[in-house]
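Hi,

Here is the structure I promised to pass on. My notes on what turned up follow below it.

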Amino acid sequence: MTVVNRAFAGLGLGVAMTMGAVAVPALAQDETIKVGVLHSLSGTMAISETTLKDTMLFLIDEQNKKGGLLGKQLEAVVVDPASDWPLFAEKARELIEVNGVAAVFGCWTSSSRKSVLPVFEELNSILFYPVQYEGEESQRNVFYTGAAPNQQAIPAVDYLMENEGVERWVLAGTDYVYPQTTNKILEQYLMDKGVAAEDIMINYTPFGHSDWQTIVSDIKTFGSTGKKTAVVSTINGDANVPFYKELANQGIKAEDIPVVAFSVGEEELAGFDTTPLVGHLAAWNYFQSVDVPENAAFIEAWQTFMGNPDKVTNDPMEATVIGFNLWVQAVEKAGTTDTDAVLDAIIGLETPNLTGGIAKMLPNHHLTKPVLIGEIQADGQFEVVSESELVPGDAWSDFLPESKMIEADWTAPISCGNYNTETKACGATAM
Amino acid sequence: MTLLRMITTLMVVLGALLATPAHAQIADTELTPLVDALAPGNFKDREAAIGALVATGDPRVVPILQVLLEGELYFDEATGKVVFTSASSGKGTITDPVTAAELPEITEDGLEKVKVNNGLRRVLRTAIGQMTLLSEDPGVRLFAAQSILRDADPAQLELLDSAISAETDSSIRRVMEQARAAIVLKTPDAAIEDWQAAIPVVQAIGGRDALNTLTTALNTAPEDVKPLIQTAIDGLARDRAVWDVAQNIWFGISLGSVLLLAAIGLAITFGVMGVINMAHGEMVMLGAYTTFVVQEIIRQNYPGLFDWSLAIALPLAFLFTGLVGVAIERGIIRFLYGRPLETLLATWGLSLIIQQAVQRIFTANIREVGNPTWMSGSFELGGLAITWNRFYIVIFALMVFVALLLVLKYTAIGLHMRAVTQNRRMASAMGIRTPLVDALTFGLGSGIAGLAGVALSQIGNVSPNLGQGYIIDSFMVVVFGGVGNLWGTLVGALTLGIANKFIEPYAGAVLGKIIILVLIILFIQRRPRGLFALKGRSIEA
């Protein structure tokens, strides 16, 4: 097993080196700044994560064209944790200890993030995590560049309540930590809003679930009591395609029972014909269809880099871009890639996001983001139907009684990820 | 919001009243600003603008609303003028939606889409419905009546009454009367006689929609008719309960047929030959990718043949995966007969190699495999909702099963296969070329897995991991059904499918799967050789 891993890592390194060499044939520097890329290139999550690996290679290539960082060229070190959560920790350790990377960009599922947390803490390195997640966490060495629940789930539910008059809710998700925590927050939020318990149905399915007949038929029954019903979907990964196919085939139209999804983006929709799904929704902080010059320029550069004019962009890609740009800025400001200096420098830095706004790194290691609600179109893209102001990411949900008094603040004098505002002490634990 | 809605409704009613007597055209100069009002503002403003348009009763409004409903209505960003694009006007040029005049000064680049959301689509459908309820075309009238039935907006009662009295087609009139009844049930101050007449009409619609309408009506109904409604609800609910059981059985059969398809190839390679083939799932995956490639070629070169794509993909997938199977048998497995552990490891490694190879060629992204039109949507059979794709897969699975049974029973190669598996040495002594038979048997099993891949591409997604999801289930079915017996595989697959679907509503999908696994383990403890154990002198016995 280890031999195979080494071989893979070596292969990744080789690829990265070749890329670096291609980018700077003349400079021939012996010293580079290494950047770790920790995304699954095989297994179930490869579908989503491979694109982020390519995004990192693209960003590093662009940065090197601009002259690199601190006068040095950047070098990507790509490893493959193979959608295997414990392997993420092993690979992270390898990146930091063996390859000596300055920062790591990676992980997708919350399970993989939780698996690497102790490694980053122990070895004092930096992780940029680019995916929307369940919150209830803020770690000194991690920057959460995806959405916290208050930047995705809560606004989406608000939109449905206000614009579609939804009174009855199906919370459907894959059976793991992100959907479960998100649904717990949403359930509490809905109850606070006066939704009765019998108007909320919660349903979990295993990873890669493919037989949705019963569940879709249950949703149909649940939605036929005269009250407007909506489905809030935290279904992850490749289970989405059969789910939407079954919805379409059983004739559930968005006008009757809209589905709002938190894990379905342009990449996932590329897998099927979206004509029967027009009107179902997704909530993200970025859509490829957002019509601003920054986005158009990014899409063009990306498609040229990939050599594929049909290559789509999505939200976690934007989060990766923002994370990378903030890291570059922080390193430039600190004048070094030293972890502690970068951690200090990055707080409060701002970079333009790709939808015409500004992403600011907050003291709780989350970003300011606009919340966009989009409706699926027949061409597999999203049409934005609602766009919010910039929302600051909240690590600890204000809607769960056990975490509403907890705040994260990594600046002095608090300097911790779980500060209890009532006891005025760090070290609070929730969940 | 409610105020706006009320105003809109009011306008809708006014519009309907105006529209009913004559298809009045208003002046272009009056209509144009109303159409242009669709562009600015938010969805609420647009809803009001639609209401104003409907109020004109002008027949030219209907196509504009239809284009808007399809999301194909655009406006010029500079002037705010709403236009038909070249695609929506059908003329290849940008035209004025009111006068149909060409607008050469506006270019496609400056156009912006008039956005619609779900709420607006509903409003539009209702608006179009009431504007076309008196159309000449029966198809349009039926569609209009259905959309009114869906919304059952009390404001449309009068319009509906006049439409009913003018209607000549009995089936359309029935829908209109159902819509009328549904509306009456939403009007608490309607006469008791009206209520009494409406309840059986709604009950006759049947299904969930009727139940839905009646349950809602129960709260607002006059006291006198409440028992009547309750009886109707009880009757419908009783029907529903019976149909729900039937629906569950159907779901089970459908799931069972998927299991059967995935397992039947394994029943040959594992069941008949005794080879633990961990790469079986990858054969299914290769079959699905063959479908994808066939569809891509058809899409690019012969779009007219798309509905035939599956029929073309089936033999190709069978041949391709069959050949891969023969190659695997000749290249790897034949050296490992009698060493099950090594076979397991070798084929598992092989499955990883195939997965990564496919990922290199096709990338890790999910590939789109379309449903031909005859496999999309669903049909109703009594109270059963049956989706076409599942329906055809059940039929297909049974056909594959029967075909395989016939091959094994009535062909020479089938006879040889059975001979070799029952007693290899004796078969060899009788002059059967056992290595060839082994290769062909393995190829047949793999080819059938490829066929399964074609079918499964229609319900699941096509990605390099497709096979992994089915491998465990396939082994489960074969072991449960009894190794070496095709009938066991059939019964095993259907039993597991139906059991799963009866447990799922109570225990949920996650726990349901666990319960099934536990039950199988207990069952295997009692009967180690599965449901249909092979009797007699098997070689390993």
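First, a term: a crossing is left-handed if the near helix is turned anticlockwise from the far one by less than a right angle, and right-handed if clockwise. By that convention, α4(B) and α6(B) cross in a left-handed way.

This is a predicted model, in which local features need pLDDT of at least 70 and side-chain atom pairs count only at pLDDT 80 or more, while totals for chains, interfaces and linings use all residues. Residues are numbered from 1 along each chain as its sequence is written, and chains are lettered from A and ligands numbered from 1 in the order in which they are written.

Back to that helix pair. Helix α4 (residues 61–69) of chain B packs against α6(B) at an angle of about 155°, their axes 10 Å apart (axes are lines fitted to C-alpha atoms over the stretch in contact, and angles run from 0 to 180 degrees between N-to-C directions). The two are therefore roughly antiparallel, the word for angles over 145 degrees. Among the residues that meet are B:L65 and B:L69 in α4(B) and B:L124 and B:I128 in α6(B).

α6 (118–131) also gives two or more residues to the side of chain B that touches chain A. There, 42 residues of chain B are in contact with 44 of chain A (C-beta atoms, placed from the backbone, within 7 Å). The largest share of chain B's side, seven residues, comes from α21(B). Helices here are DSSP runs (H or I, at least four residues), numbered from the N terminus.

Enjoy exploring!

Definitions and conventions: Two residues are in contact if their C-beta atoms, placed from the backbone, lie within 7 Å. Angles under 35 degrees count as roughly parallel, over 145 as roughly antiparallel, 65 to 115 as roughly perpendicular and the rest as oblique.
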